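Please open the structure in your viewer and keep the selection tool at hand. The tour moves from one selection to the next and says what is to be found at each stop.

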Amino acid sequence: MNASLQPVNLSQAAPRQAKIDLAACHRLGVHFGLHEGIDNHLTVLVPGHRDRFYLAPFGLHWSEVRASHFMEVDFDDRVIAGAGPVEDTALHIHAPVHRLSARATCVLHTHMPYATALSMLENPRLEMAVQTALGFYDDIAYDADYNGLALDHREGERMAAVLGQKSVLLLGNHGVLVIGATIPEAFERLYFFERAAQAQILALSTGRPLRLIPEDVVRRTAAQFNEGGNVGGQPRPELHFAALKRMLDRREPDYAT
Ligand SMILES: [Zn+2]
């Protein structure tokens, strides 16, 4: 089915809530050190639409992004609501991935340090050597063709093709792109991918070899990850994201304004 004909995820129903949650992603990116300067972009489809997304104006530090800041941008690079500077690579990467990947309601692109360090290695694979990594078994696409800055939509289309059905695209010599059917799901993947990459880089920094987990245990545990997605009837990513937002509510409640 053409992605544009698929129903929008109902958990994203309220535009207001989507903006609050996307603002939270920016603040949490700073909290966890996933940001780099004022670059990189975090976007989500406008609820009820498959052809436009929310984007923060370029120039804001992620620590100052608020729910009321977001612009609506369509796939032809037009700002159709809100106002502010639009940075070209946001259009060139995010618009094609939103358009071409059916599950890409939310698209998070960062140069977060440990995933980026991994992307620089001759063999950039996330090894199945720690429990956190097992949650990403068979869910990471690797792009080995770093091609310079994303100067037009063709680069985002190329990235979407390499991503395929996975939720993580490790961009060689560059960073990472993570998608999700919801904002909590995408942020959960982003956060835990960085944690798994951090564990691997720290382990390798000892100069001693990794001890890989046997393939049958990897497969069995990956299945357990997939089956254990709910706790008390609620998806783990939503519980995690709600807890993180409560932290923001205590420390910097203006994100939701
Ligand atoms: Zn980038």
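A residue is called buried when its relative accessible area is under 20%, exposed when it is over 50%, and partly exposed in between. The model is a predicted one, which should be kept in mind at every stop.

Begin by selecting Arg99 and Glu157, which form a salt bridge whose closest N and O atoms are 2.8 Å apart. Arg99 belongs to helix H2 (residues 88-100) and Glu157 to helix H5, so this pair ties together parts that are 58 residues apart in sequence. Because its relative accessible area is 31%, Glu157 counts as partly exposed, and Arg99, at 33%, is likewise partly exposed.

Next, select Arg78 together with Asp74 and Asp76. Arg78 forms a salt bridge with Asp74, with the closest N and O atoms 2.8 Å apart, and its side chain also meets that of Asp76 in a salt bridge at 3.6 Å, N to O. Asp74 is buried, at 8% relative accessibility, whereas Asp76 is exposed at 55%; Arg78 itself is partly exposed, with a relative accessible area of 48%.

Now turn to the metal. Which residues coordinate the zinc ion? Selecting His109, His111 and His174 shows the NE2 atom of each coordinating the zinc ion at 2.1 Å, and in sequence these donor residues follow the spacing H-x1-H-x62-H. His109 lies in strand S5 (residues 106-110) and His174 in the loop between strand S7 (168-171) and strand S8 (175-180), so the pair ties together parts 65 residues apart in sequence. Both His109 and His174 are buried.

From here, move to the largest nonpolar core, where, of its 49 residues, Leu126, Val176, Phe187, Leu190 and Phe193 touch the most other members. Helix H6 (residues 183-204) supplies the largest share of this core, 9 residues. Select Leu190 and, leaving aside neighbours within four places in sequence, look for its contacts, including Leu34, Leu108, Val176 and Val178. Apart from this core lies another, of 13 residues, among them Val97, Leu171, Leu177 and Ile179.

Finish at the surface, where Tyr146, Leu149 and Leu151 form a nonpolar patch with about 380 Å² of accessible area together. Leu151 sits in the loop between strand S6 (140-143) and helix H5 (153-163), and with a relative accessible area of 69% Leu151 is exposed.

Conventions: Residues are numbered from 1 along each chain as its sequence is written. This is a predicted model: local features need pLDDT of at least 70, side-chain atom pairs count only at pLDDT 80 or more; totals for chains, interfaces and linings use all residues. Side-chain values use heavy atoms; hydrogens and water are left out. Patches are made of residues with over 30% relative accessible area and no salt bridge: like charges are joined within 9 Å, nonpolar side chains (Val, Leu, Ile, Met, Phe, Trp, Tyr) within 5 Å. Accessible areas come from the Shrake-Rupley method with a 1.4 Å probe; for residues, only the protein chains shown count as cover. A salt bridge is a side-chain nitrogen of Lys or Arg within 4 Å of a carboxyl oxygen of Asp or Glu. Helices (H or I, at least four residues) and strands (E, at least two) are DSSP runs, numbered from the N terminus. Buried means under 20% relative accessible area, exposed over 50%, partly exposed in between (1.4 Å probe, protein chains only). A nonpolar core is a set of buried Ala, Val, Leu, Ile, Met, Phe, Trp, Tyr and Cys residues joined through side-chain atoms within 4.5 Å. Contact means heavy atoms within 4.5 Å. Donors are N, O and S atoms within 2.8 Å of the metal (3.2 Å for Na, K and Ca); water is not among the atoms, so sites may look incomplete.
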